[in-house]
Amino acid sequence: MRIQQQHFRTIWQQDGRVNLIDQTCLPFELVIKELSDVDQMCHAIRSMQVRGAPLIGAAAAFGLALGLQTAADDDHLQWVAQQLIATRPTAVNLAWAVQRMQAALRAFPVHQRAAHAWQLAQTLADEDVAQNLALGQHGKALIAAQASVRAGSVVNILTHCNAGWLATVDGGTALAPVYAAHDAGLAVHVWVDETRPRNQGASLTAWELAQHGVPHTVISDNAGGHLMQHGQVDMVLVGADRVSRHGDVCNKIGTYLKALAAFDQQIPFYAAVPTPTIDWQLQRPADVPIEMRDADEVAYMQGLTEAGQLQRVRVIPLQSAALNPAFDVTPARLVTALITERGIYTPAQLTALEA
Ligand code: MRU
């Protein structure tokens with residue numbers, strides 16, 4: 001990914017430590033945090049310094065490597081794994097990454113585990129980048145098809161939350177096809193849902209699209225349906241935190257409403273998902289563990305004052321309660337197709353990918 005023309009990943013290891021871009025400081029400040037133990041990584045995931053399904057998978061893998069620096073026997077390995085898995089429940093990538101690391105590391109003698117943990121975490125991070133780039137090429141074909149239907153005029157894509165490179169190690173999921181299309185010279189424009197309560201669209205998606213030079217416009221969360229009714233959206237492209245084996249898509253809260261409006265307007269709704277985001281054990285949407293986050297994320301907003309000060313302000317009455325479910329599930333019947341690194345699949349075709 002590009003930040004002021006320099007190439008970055010969201011997370012990387014260096015001399016037994018982990019560096020990451022602190023997303024709670026964006027879009028106003030680029031802060032790199034250096035972590036040296038598993039507690040710091042658990043805090044980074046919980047507080048959303050790192051966020052996005054593929055990225056928290058990679059972060060947990062690096063967290064496990066940090067955790068094994070002090071001890072690597074079976075009991076300690078299990079304890080570190082549990083700490084990491086408990087940080088956030090919804091994105092399946094996190095538990096998947098930890099369990100994959102655990103299974104592989106148990107095969108090594110205890111004294112070799114710490115070194116192997118770093119290598120395995122790196123492999124996992126590199127795989128994420130490769131998957132996202134492949135997925136981007138498949139998704140680009142869908143945008144190119146829209147461009148040819150529209151005789152080369154701008155393709156308008158609506159996205160929700162941040163499923164760009166900030167949500168991954170690099171490359172992005174929903175935005176990977178957008179970057180691929182833009183880089184290939186196709187005219188694209190992105191409608192960016194602000195994505196209350198934490199504003200991942202307004203603060204992160206808008207920032208990274210701007211860094212890459214992709215035309216985009218931030219809209220309030222409630223504007224998408226209206227734009228769809230007026231022919232201003234050609235496709236909806238989102239990421240996912242967990243996809244059921246039948247193609248139900250769990251993603252940031254509010255995604256379901258966009259899918260309903262798109263279905264009503266016969267606008268294609270795509271979810272871009274690297275295969276580690278598919279939970280093959282998950283049969284029913286109701287079984288997705290939906291994270292309930294702190295109500296203060298609804299009650300308060302943060303922003304830059306005209307004087308350039310970061311400020312957090314309350315936006316609801318002191319007497320009012322707030323509720324903050326962080327994800328919802330879009331049923332498979334509203335999903336046109338899933339874009340994976342192995343190709344494009346309708347929900348009904350998805351099980352063909354099961355290993
Ligand atoms: O709570 P967040 O910001 O971690 O939620 C992230 C999302 O819902 C993304 O859309 C999802 O992880 C897509 S993956 C790139």
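Biologist: Hello! Which residues line the second largest cavity?
Modeller: Welcome! This is a predicted model, with residues numbered from 1 along each chain as its sequence is written; local features need pLDDT of at least 70 and side-chain atom pairs pLDDT 80 or more, while totals for chains, interfaces and linings use all residues. Side-chain values use heavy atoms, without hydrogens or water. On a 1 Å grid over the protein atoms alone, a cavity is a set of points where a 1.4 Å probe fits but cannot get out, and lining residues have an atom within 4 Å of a point. By that rule, the residues that line the second largest cavity are Pro54, Gly57, Ala58, Asn93, Trp96, Leu124, Glu127, Asp128, Gln131, Pro274, Pro276 and Thr277.

Biologist: Which element gives the largest share of that lining?
Modeller: Helices (H or I, at least four residues) and strands (E, at least two) are DSSP runs, numbered from the N terminus. Two or more residues of the lining of the second largest cavity come from each of helix 2, helix 4 and helix 5. The largest share, 4 residues, is that of helix 5.

Biologist: Between which domains does the second largest cavity lie?
Modeller: The domain bounds come from an automatic or database domain assignment. Two domains both give residues to this lining, so the cavity lies between domain 1 (2-127) and domain 2 (132-353).

Biologist: How much space lies in the largest cavity?
Modeller: A search of the whole structure finds 3 cavities of 30 Å³ or more. Grid points are joined across faces, edges and corners, and a volume is the space filled by probe spheres set on the points. The second largest cavity holds about 100 Å³, and the largest cavity holds about 200 Å³.

Biologist: Which helix gives the most to the lining of the largest cavity?
Modeller: This cavity has 26 lining residues, with Arg51, Gly52, Ala53, Asn162 and Asp241 nearest its centre. Helix 2 (53-67) and strand 11 (249-252) are the elements that give two or more residues. With 3 residues, the one that gives the most is helix 2.

Biologist: What share of the ligand's exposed area does the protein bury?
Modeller: Oxygen atoms of the ligand lie 2.8 Å from a polar side-chain atom of Arg88, 2.8 Å from one of Asp241 and 2.7 Å from one of Asn251. Taken alone, the ligand exposes 420 Å² (accessible area, Shrake-Rupley method, 1.4 Å probe; for residues, only the protein chains shown count as cover). The share that the protein buries is 100%.

Biologist: How many charged residues are in the lining of the largest pocket?
Modeller: A pocket is an open set of grid points with protein on both sides within 12 Å along at least five of seven lines. The largest pocket has about 650 Å³ of space, and Thr24, Pro197, Arg198, Met301 and Gln302 lie nearest its centre among its 24 lining residues. Ala, Val, Leu, Ile, Met, Phe, Trp, Tyr, Cys and Pro count as nonpolar, Asp, Glu, Lys and Arg as charged, and the others, Gly among them, as polar. The lining of the largest pocket has 10 nonpolar residues, 8 polar ones and, as charged residues, 6.

Biologist: Which helix gives the most to the lining of the second largest pocket?
Modeller: This pocket, of about 320 Å³, has 16 lining residues, and Trp96, Thr275, Pro276, Ile278 and Trp280 are the closest to its centre. Helix 4 (92-106), helix 5 (110-149) and strand 13 (278-279) each give two or more residues. The most, 5 residues, come from helix 4.

Biologist: What is omega for the peptide bond from Arg196 to Pro197?
Modeller: Most peptide bonds are trans. Pro197 lies in the loop between strand 7 (188-193) and helix 7. The bond from Arg196 to Pro197 is cis, with omega near 10 degrees.

Key:
A polar contact is a pair of N or O atoms within 3.5 Å; within protein, one must be able to donate a hydrogen and the other to accept it, and residues adjacent in sequence count only if both atoms are side-chain atoms.
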